[in-house]
Amino acid sequence: MEPGSLALTLTWDGKQIVAAEVVSTRPAVARALSGLPAARVLELIPRLFGLCPRAQEAAARLSLAAARGEQAASSAAAPALAVALEAIGEHLWWLLLDWPPLAGQRARQSEFLGWRQRLKRVADQAEAAALGGELAAWLGSERSPALDDDAAVAAGVLLPMLSAAEWAAHIGAESFAELPTFAGQPAETGVLARRAGDAAVAGLLAAGHRLQARLVARYADLRWLAQGLADRQRLVTWLDSTTLGDGCGLACVETARGTLLHQIQLDGDRIGRYVIVAPTEWNFHPQGSFVREIDARPAATRAKAVMAARRLVLSLDPCVACELRIRDA
Amino acid sequence: MCLALPCRIVELRPGDQALVDVAGVSREISLALVDDVALGDYVIVHVGYALTRLDPEEAEKTLALFAELGDGSWSEADVAGA
């Protein structure tokens, strides 16, 4: 397999998927930042990450400021808008480019391009509010695609939205960045966790239709973000940071895919230890939502097994490529 | 975490497609989301699409950064997943 991707190996017995294994070879980028001057990290982080550079940058700034014991709360508004615009772009990518081909439709490329250009042009609060209005109108005219999600899967733990101070108690073990758990269990982050309180999402969730619930949750998240473009107070709830004692800072930032955590331990003015926990680590944990939901899923043919897996992967929206293998039982 | 490793455009193809070089392996990607891409330019790729175009100078800086942070082997290979 290629380094940097997720290898998903499913065992299929001709009737259902009987086992699933996740192997990650993602490089420990954060570890490579140890020893660098702290100021340089702020320049490096947005260059390192392709998909959510604004969220990564905001998390780096907030955690560094917290590690230095600086008050960063007053400056959270500007990154909050950038983080929200980035998340909207990621959701639209998912809905217009990623999802249609799996539902037997063409990708809606020109619509996506139109939104992408509008998102890029937002320069101030008034433009953000105007775009929020357009987005809300578009969402009102969109019909959430129906999905033949007949599988009912048992409830799994959804990651709550915690403050940075609350997070502090949960990050400890050396392996947390690669294998994060919440209260000792793998947990799911992302649109489902964030919008589990939405009435339509909660109903689907209670019935065990988690694929459909995530789809509805993604629209709910976009509606929330569209309203947030006109209400900065709402958006700043997506960013938080706290000082964890001497020279240590923790930041949590919400992204389209879920909660992103950065923790910096300073060693003088250099990085002593840098920990980044990305949403994909939660959802593709070896005992996480992907494995739990694909295991025992009925599939009459190999093609159906592949399609079930691809839909679930997309539903959980990893930020890296996945290599899928089906093995006969 | 998707790493933003610059990929060089080695061939332009009809229908807004292009070939990029990823650690010696060619991959076809779509240029539909980026403007004015020329042969030899660098782009950042995600699931079959070029996400952003980089100036050569900017690309060199980023490549140097990846070389500095890793031994180069994982960072180049990771672009397939980026």
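How many residue pairs are in polar contact between chain A and chain B?

1. **Polar links across the interface.** This is a predicted model. Four residue pairs, both members at pLDDT 80 or more, are in polar contact between chain A and chain B. Salt bridges between the two chains number zero.

2. **Extent of the interface.** Chain A brings 31 residues to the contact, and chain B brings 24 residues. The area buried between chain A and chain B is about 2600 Å². Carbon and sulfur atoms give 64% of that area. On the chain A side, the most area is lost to chain B by A:R47, A:L48 and A:W93. Together they make up 24% of what that side buries.

3. **Where the chain A side comes from.** Four helices of chain A each supply at least two residues to the side that touches chain B: α1 (29–32), α2 (38–48), α4 (77–102) and α5 (109–121). The residues of this side divide into 20 nonpolar, four polar and seven charged.

4. A:G50 sits in the loop between α2 and α3 (53–67) of chain A. Is A:G50 buried or exposed? A:G50 counts as buried because its relative accessible area is 15%, and the cut-off for buried is under 20%. Leaving out residues up to four places away in sequence, A:G50 touches B:C2, B:L3, B:A4, B:I44 and B:L51. A:G50 and A:A226 stand 176 residues apart in sequence, with their C-alpha atoms 23 Å apart in space.

5. **An arginine in a loop.** A:R257 lies in the loop between β4 (248–255) and β5 (258–267) of chain A. A:R257 is buried, because its relative accessibility is 10%. A polar atom of the A:R257 side chain is 3.2 Å from the backbone oxygen of A:D317. Not counting residues up to four places away in sequence, A:R257 touches a set of residues including A:L51, A:E90, A:N283, A:P318 and, from chain B, B:H46.

6. **The nonpolar cores.** The largest nonpolar core has 100 residues. Those with the most contacts inside this core are A:L92, A:L135, A:L229, A:Y274 and A:F290. Helix α4 of chain A gives the most to this core, with 15 residues. Apart from this core lies another, of 15 residues, among them A:L159, A:I171, A:C252 and A:V275.

7. **A closer look at A:Y274.** Which residues does A:Y274 touch, not counting residues up to four places away in sequence? Among them are A:A30, A:R31, A:L33, A:V41, A:I45, A:H262 and A:I264.

Note on methods
Residues numbered from 1 in each chain as written. Chains lettered and ligands numbered in written order. Predicted model: local features only at pLDDT ≥ 70, side-chain atom pairs only at ≥ 80, totals over all residues. Heavy atoms only, no water. Contact = heavy atoms within 4.5 Å. Buried area = accessible area lost by both parts, 1.4 Å probe. Salt bridge = Lys/Arg side-chain N within 4 Å of Asp/Glu carboxyl O. Polar contact = N/O pair within 3.5 Å; in protein donor to acceptor, adjacent residues only side chain to side chain. Nonpolar A, V, L, I, M, F, W, Y, C, P; charged D, E, K, R; others polar. Buried < 20%, exposed > 50% of the residue type's maximum accessible area, 1.4 Å probe, protein only. Core = buried A, V, L, I, M, F, W, Y, C linked by side-chain atoms within 4.5 Å.
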